[in-house]
Amino acid sequence: ACIMAALWPERCRALVSVSGYLIGSPEANKAPLSPRAELAWWYQFYFATSRGRAGYEAHRRDFARLIWQTASPRWQFNDATFDRSAPAFDNPDHVSIVIHNYRWRIGLAQGEREYDTLEERLARFPPIGVPTITLEGDANGAPHPEPASYASRFTGRYAHRLVTGGVGHNLPQEAPRDFAEAIIAVATS
């Protein structure tokens, strides 16, 4: 959604973005983070190895459950909730897509050449001018930047909301009312 709003704003009325300005760049990803921040990306490094790919292939559901638990440590989802998403992990291309995405992020896999021009534009971190609300849960266990670090990327009407009450990374599912209210607010403002 951030990419659409940045590159094709005429196609976007407004934007709600969970965890901020979500436009990445393999070039920018070459810069190391602090050790604590790198620790949060352990699976990115795991996926860079043959062992990681084999491990993910063999343990997709266990892996996903672990990520759900670490990214949203206070979310008490039940088996039925998890089981509604789990069939997606069985798609025949799921593992290949996930592994390629994480390898691409750290420069270990090439992107699609036909999109190089778009990637060059995105590497300049274009501003987003459509009305935007960013949301963050107060218990987000996934790696995410502080809102102050990306606020200037939004050049149109902009607000950031911190959703409290132990809300983690899966904000639309953990706090659906807050998410829906943000959509209504930004679309009607």
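This is a predicted model: local features need pLDDT of at least 70, side-chain atom pairs count only at pLDDT 80 or more; totals for chains, interfaces and linings use all residues.
Residues are numbered from 1 along each chain as its sequence is written, and side-chain values use heavy atoms, leaving out hydrogens and water.

**Exercise 1.** Work out which pattern of helices and strands the chain follows.

*Solution.* Start with the counts: the chain has ten helices and three strands. Helices (H or I, at least four residues) and strands (E, at least two) are DSSP runs, numbered from the N terminus. Next, read along the sequence to find α-β-α-α-α-α-α-α-α-β-β-α-α.

**Exercise 2.** Find what share of the 189 residues is buried.

*Solution.* Begin with the term: buried means under 20% relative accessible area, with a 1.4 Å probe and protein chains only. By that cut-off, buried residues make up 34% of the chain.

**Exercise 3.** Find which residues have the most contacts inside the largest nonpolar core.

*Solution.* A nonpolar core is a set of buried Ala, Val, Leu, Ile, Met, Phe, Trp, Tyr and Cys residues joined through side-chain atoms within 4.5 Å. The largest one has 13 residues, and Ala5, Leu15, Tyr21, Ile23, Ile128, Val130 and Phe154 have the most contacts inside it. Helix H1 (residues 2-7) gives the most to this core, with four residues. Now look at Ala5: beyond its neighbours within four places in sequence, Ala5 is in contact (heavy atoms within 4.5 Å) with Cys12, Leu15, Ile128 and Val130. Finally, a second, separate core of ten residues includes Ile133, Val163, Ala175 and Val186.

Key
Buried means under 20% relative accessible area, exposed over 50%, partly exposed in between (1.4 Å probe, protein chains only).
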